Amino acid sequence: QSSTPHSEQITRFRVANLCCAGEERIIRTSLENVIGVESIAVNVIGRYIVVKHCAVECCAPSDKIIGILNSKHLGVSIQDVTGNDGGLENSEETLDKLLQLHATVLWIFFIAGLVCSFLSGQSTLSMAFYLVSVIIGVIPILKSSVISLLRNTIDINILVVLAVIGALASGEYFDSSLVVSLFISAELLESLIMIRVRNAVNLNSPKLSKNATLANGQLVPLTDLKIGDVIAIRAGEIILADGMVVKGEGVVDESSLTGESLPISKAVNSSVMSGTILQNGYIEVKLDAETANSTLQRLNAAMLDVQADKGRYAKLADAFAAYWTPLVIVMTATLVLVGGGVSGMWMDFVHRGLVLLVLACPCAI
């Protein structure tokens, strides 16, 4: 028992391998019964979690939380509250070129096998093309399946692997190649959509300057600005802090914050908000709020809170997904064992089981 008095703190952890609701369930299951953990907020889009916990050694210090989650292969680290954890939040994310190349090569072999099948039927050459596409495509799926097993969970990757193995065992090379190709393409499309969403909601994008120009011409980092400082804003520049115009005049586009389509004229004693754009003119703005508490940063914080909050139907879908894969595997095993045992038509019911597995895969849905 520690002699240090217990005290709660809020820590933000970056989770590199947080991709979907599956990882969210693992995080909540791993932490919800840990002594000292009061609440957990998971942001799948931002790939981070916010944990309210007791940091005393006997309860739930940050190192203990990181150790628990990294034992599940989640790639967890403490994230700087300013977002400066290696520039991960301050740069635009792009789709991995290797993933694109992998999917392209996979589809080339699948289409080649399809063409051969149309020209000469189920030939050895077409089967070879299908097998190569399966081998190329199943590698990342197998990797994800192994990670799932190490996490003591059964997810859709395992379902796809079972479907592919069964299809190959029954000589359905086209089906196995098609399942792998569609699944990899669906994963790639999901990654692309998530990247676009992250970039769209990232208010710390590289387009936003990290430095401000004072009225005397000195260039200073935004983090060094204080209430009372006067910054200069020229036409076309983003206003970087909240304040009052003390010199000059211009027209400001506030549509990004207020939705107002018409630009607003600004003159001396007019208030301006961070994140808006000076369309024309020149103004000098005296700060009346810290940059960390500016309109833009408060909007960012509110948006992150919304991302971490889920509606009733989203929670219902996540709960259903947790039981879907184990249910399909049990149903398939029951169909094959009972149907084959009663009728003696083992190969027929094995084929029916494979059909059930394929139809249960997300690409079929």
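User: What does pLDDT tell a reader, and what is its mean over the chain?

Analyst: The pLDDT value is the predictor's confidence in each residue, on a scale from 0 to 100. The present model is a predicted one. Its chain has a mean pLDDT of 82, and 85% of the residues reach 70 or more.

User: Over which residues is the pLDDT below 50?

Analyst: Where pLDDT is low, predicted coordinates should not be read in detail. In this chain that concerns residues 81-89, where the pLDDT is below 50. Beyond near neighbours in sequence, the stretch has 11 contacts in the model.

User: How many helices and strands does the chain have, and what percentage of its residues is buried?

Analyst: The secondary structure comprises 10 helices and 11 strands. Of the 365 residues, 37% are buried. The accessible surface amounts to about 19,600 Å², and carbon and sulfur atoms account for 63% of that area. As for contacts between residues at least 6 apart in sequence, 67% of them join residues at least 24 apart.

User: How many disulfides are counted, and why is cysteine 54 in or out of that count?

Analyst: A disulfide is a covalent bond between the sulfur atoms of two cysteines. The cut-off for counting one is a pair of cysteine sulfur atoms within 2.5 Å. By this rule the model has 0 disulfides. The cysteine sulfur closest to that of cysteine 54 belongs to cysteine 59 and lies 3.8 Å away, so the two are too far apart for a bond. Cysteine 59 is likewise in no disulfide, its nearest cysteine sulfur being that of cysteine 54.

User: Is cysteine 54 buried or exposed, and what of cysteine 59?

Analyst: A residue is called buried when its relative accessible area is under 20%. Cysteine 54 has a relative accessibility of 8% and therefore counts as buried. Cysteine 59 is also buried, with a relative accessible area of 8%.

User: Which residues of H4 are buried, and what follows just after the helix?

Analyst: The buried residues of H4 include Tyr130, Val134, Gly137 and Ile141. Val138, the site of the kink, is also among the buried residues. Just after H4, asparagine 152 adopts a positive phi of about 65°.

User: Where else does a residue other than glycine take a positive phi?

Analyst: Histidine 73 has a phi near 60° and lies in the loop between helix H2 (62-70) and strand S4 (76-78). Its relative accessibility is 36%, so histidine 73 counts as partly exposed. Asparagine 269 has a phi near 80° and is found in the loop between strand S9 (264-266) and strand S10 (271-272). At 63% relative accessibility, asparagine 269 counts as exposed.

Note on methods. Residues numbered from 1 in each chain as written. Predicted model: local features only at pLDDT ≥ 70, side-chain atom pairs only at ≥ 80, totals over all residues. Heavy atoms only, no water. Contact = heavy atoms within 4.5 Å. Buried < 20%, exposed > 50% of the residue type's maximum accessible area, 1.4 Å probe, protein only. Bend = angle between axes of the 7 residues up to and from the residue. Helix = DSSP H or I, 4+ residues; strand = E, 2+ residues; numbered from the N terminus. Areas by Shrake-Rupley, 256 points an atom, 1.4 Å probe, with all protein chains shown as cover.
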